[in-house]
Amino acid sequence: MSLSVKVFVVGEDGKRNLLDVPEGSSDLAGFERWRTSVWGSEAARSLGARFFPILANGDLTVAPDQVADFLGECALIRSNLELVAPSADPAKSHAEYVRQISERLRNIEDAAEHARSVRGGVIIW
């Protein structure tokens, strides 16, 4: 199972409307196990991350007025990929984890930028 990242806008009826993924973009946000081993890991928490660790216990919803702060947290994670990437997995090298996390983080960053441009929010589930 994989995590997905989506952009939503709040309609006049107050309901969240998910937007289609733009052409050339991806909604992949990582593997389900990354909820605890990457995004919600102790390493991410030690950096002061407050959005991503929510994924350890459920889905993450970033409200439209929180997107700028969320992008700041994405930048924090990006600048510390070596720390956040698991290193004790015999099936995959640390460098491979860093590469994969970087790719999925790029998808999340792209979604957050899109959300900001449409005054929407982000959901990762």
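1. In this predicted model, helix 5 covers residues 94–117, and its 24 residues reach 34 Å from the first C-alpha to the last, close to the 34 Å expected at 1.5 Å a residue. After helix 5 comes Arg119, whose phi is positive, near 55°.

2. The buried residues of helix 5 include Tyr97, Ile101, Arg104, Leu105, Ile108 and Glu109, and also Ala111, Ala112 and Ala115. Their cover includes strand 1 (2–10), strand 3 (28–31) and strand 5 (121–124), together with helix 1 (34–39), helix 3 (67–78) and helix 4 (81–84).

3. Val62 lies in strand 4, residues 60–62, and is counted as buried because its relative accessibility is 0%, where the cut-off is under 20%. Leaving aside residues up to four places away in sequence, Val62 touches Phe8, Phe51, Val67, Phe70, Gly121 and Val122. With Gly121 the separation is 59 residues in sequence, yet the two C-alpha atoms are 5.4 Å apart in space.

4. Taken as a whole, the protein chain has five helices and five strands, which run β-β-β-α-α-β-α-α-α-β from the N terminus on. The radius of gyration is 14 Å, close to the 14 Å that the globule rule gives for 125 residues, so the chain is as compact as a globular protein of that length. Of the contacts with a separation of 6 or more, 66% join residues 24 or more positions apart.

5. Buried residues make up 42% of the 125 residues, while the chain exposes about 6600 Å², of which carbon and sulfur atoms supply 50%. The mean positions of the 14 positive and 18 negative charges are 1 Å apart.

Technical notes:
Residues numbered from 1 in each chain as written. Predicted model: local features only at pLDDT ≥ 70, side-chain atom pairs only at ≥ 80, totals over all residues. Heavy atoms only, no water. Helix = DSSP H or I, 4+ residues; strand = E, 2+ residues; numbered from the N terminus. Expected span 1.5 Å × (residues − 1). Buried < 20%, exposed > 50% of the residue type's maximum accessible area, 1.4 Å probe, protein only. Contact = heavy atoms within 4.5 Å. Rg over C-alpha atoms; globule rule 2.2 N^0.38 Å. Areas by Shrake-Rupley, 256 points an atom, 1.4 Å probe, with all protein chains shown as cover. Lys, Arg positive; Asp, Glu negative; His and termini not counted. Charge placed at Lys NZ, Arg CZ, Asp CG, Glu CD.
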